[in-house]
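Hi everyone, thanks for making time for this one.

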Amino acid sequence: MESDILNLDSALSLTEEEATSVVIPQSDWDKGVDGYRFTLVGHLLSHRLIHFEALKVRLIQLIQAARGVTVRKLLETRFCWVFNHEEDLRQALDMRPWIIDRNLVVLQPLSQPEDPLSISLDWCPFFVHIHDLRLGQRSVDVLRYIGNYVGVWLDAANIERDISWFENVRNRLNINVSIPLKRALRIQLDTGASCIVRFSYERLPNFCYLCGKLGHISRFCDLRFQDGYVDLGANCPFGAWLRAPGRMQRVGGTTDSILPTYVWSSHQTTTSSSDQRRGA
Ligand SMILES: [Zn+2]
């Protein structure tokens with residue numbers, strides 16, 4: 001703030017009258033933020049331009065706050081959900097990801113003295129399944145190592161029960177939605193053994209089978225419009241197999257995801273198949 005003022009001062013060459021300072025107590029300066037109590041800042045991650053009034057109706061229908069919510073426009077694609085009760089806000093956070101027309105609504109709570117126009121909206125929690133992790137490796141420490149590669153590990157679902165007996169290990173991770181989805185990870189042990197684990201995501205919104213980013217599908221991907229682009233057909237590096245069947249509401253995608261099969265090896269890992277489907 002102070003540096004911005006100094007920059008403006010030098011850029012505008014303020015007159016003597018304009019340069020006269022008005023003294024405002026810091027406590028009064030920050031009062032405006034109180035208006036954002038119980039507030040989430042949101043952004044619809046979509047390449048399509050959606051009229052805000054239409055988006056506003058969908059946002060109110062989507063959240064169905066028990067004690068009411070107001071939608072305020074910040075920018076054409078950025079808004080605030082202002083709740084009347086803290087419990088509604090907590091549920092909105094716990095139930096992420098929120099999705100409208102297969103597009104992700106990224107949300108962050110607003111706290112003093114953050115600016116709702118500049119707050120980062122790059123992260124969203126997802127339930128992520130880790131595949132091909134053998135029973136003996138399914139400790140919380142190993143899950144944390146892997147989860148912090150995919151994003152930021154929050155916790156493991158079913159941790160109160162015996163997670164080693166589930167088909168896939170289900171983790172709650174904070175994912176950076178501005179970068180491509182992580183598909184797999186090679187794990188190297190200090191003994192020389194290695195393996196590859198794969199990932200799939202519950203309630204995955206639209207994403208691009210060419211670049212792996214959320215917010216657009218392959219038909220609109222920038223890669224497709226670059227010189228020398230070669231159509232990959234059904235051999236895109238990302239595909240519907242990244243979708244995991246959710247245990248709550250499922251949005252979009254197919255339930256019969258076919259995953260490439262990796263084989264554990266003490267020295268190397270091989271891929272036996274990769275049935276990747278054409279982008280949606
Ligand atoms: Zn793309």
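Let me start with a question: how much helix and strand does the chain have over residues 208-221, and how far apart are the end C-alpha atoms? Over that stretch the chain is 0% helix and 0% strand, and its end C-alpha atoms are 7 Å apart. The UniProt record, an unreviewed entry, annotates residues 208-221 as "domain: CCHC-type". UniProt positions are given here in the numbering we are using, feature names are shortened, and annotations may be inferred rather than shown by experiment.

Two housekeeping points. This is a predicted model, where local features need pLDDT of at least 70 and side-chain atom pairs count only at pLDDT 80 or more, while totals for chains, interfaces and linings use all residues. Residues are numbered from 1 along each chain as its sequence is written.

Now the overview. The chain has 5 helices and 13 strands; these are DSSP runs numbered from the N terminus, with helices being H or I of at least four residues and strands being E of at least two. Of the 280 residues, 29% count as buried. By buried I mean 20 or more other C-beta atoms within 10 Å of the residue's own; exposed is 12 or fewer, partly exposed is in between, and the C-beta atoms are placed from the backbone. Among contacts between residues at least 6 apart in sequence, 62% join residues at least 24 apart. A contact here means that the two C-beta atoms, placed from the backbone, lie within 7 Å.

On to the sheet. There is an open sheet of 5 strands in the order β2-β3-β1-β5-β4, with antiparallel pairing; two strands pair if DSSP finds at least two bridges between them. β2 (69-73) and β4 (98-100) are at the edges with a single partner strand each, so one side of each has no neighbour in the sheet. From one strand to the next, the twist averages 30°.

Let's look at β1. Strand β1 (residues 39-45) pairs antiparallel with strand β3 (residues 78-83) over 5 bridges, and L40 has W81 of β3 as its bridge partner. β1 also pairs with β5, again antiparallel, over 6 bridges, with V41 standing opposite Q108 in β5. Is β1 largely enclosed or left open? Since 7 of its 7 residues are buried, β1 is largely enclosed by the rest of the structure. In a regular strand, side chains alternate between the two faces of the sheet. Both faces of β1 are covered, with T39, V41, H43 and L45 buried on one side and L40, G42 and L44 buried on the other.

Which helices pack on this sheet? Helix α3 does, touching β1, β2, β3 and β4, and its direction makes about 155° with that of β2. Helix α4 (residues 86-94) packs on the sheet too, touching β1, β2, β3 and β5 (103-109), at about 135° to the direction of β3. Those angles run from 0 to 180 degrees between N-to-C directions, using axes that are lines fitted to C-alpha atoms, for helices over the stretch in contact.

A quick check on α3: its 12 residues (52-63) should span 16 Å at 1.5 Å a residue, and this agrees with end C-alpha atoms 16 Å apart. The expected span is 1.5 Å times one less than the number of residues.

Some loops are worth a click. P97 is in the loop between α4 and β4, and the peptide bond from R96 to P97 is cis, with omega near 10°. D101, in the loop between β4 and β5, has a positive phi near 50°. D101 is partly exposed, with 14 other C-beta atoms within 10 Å.

The C-alpha atoms of E202 and A244 are separated by 4.7 Å, though the two residues are 42 apart along the chain.

That's my tour, and I'm happy to take questions.
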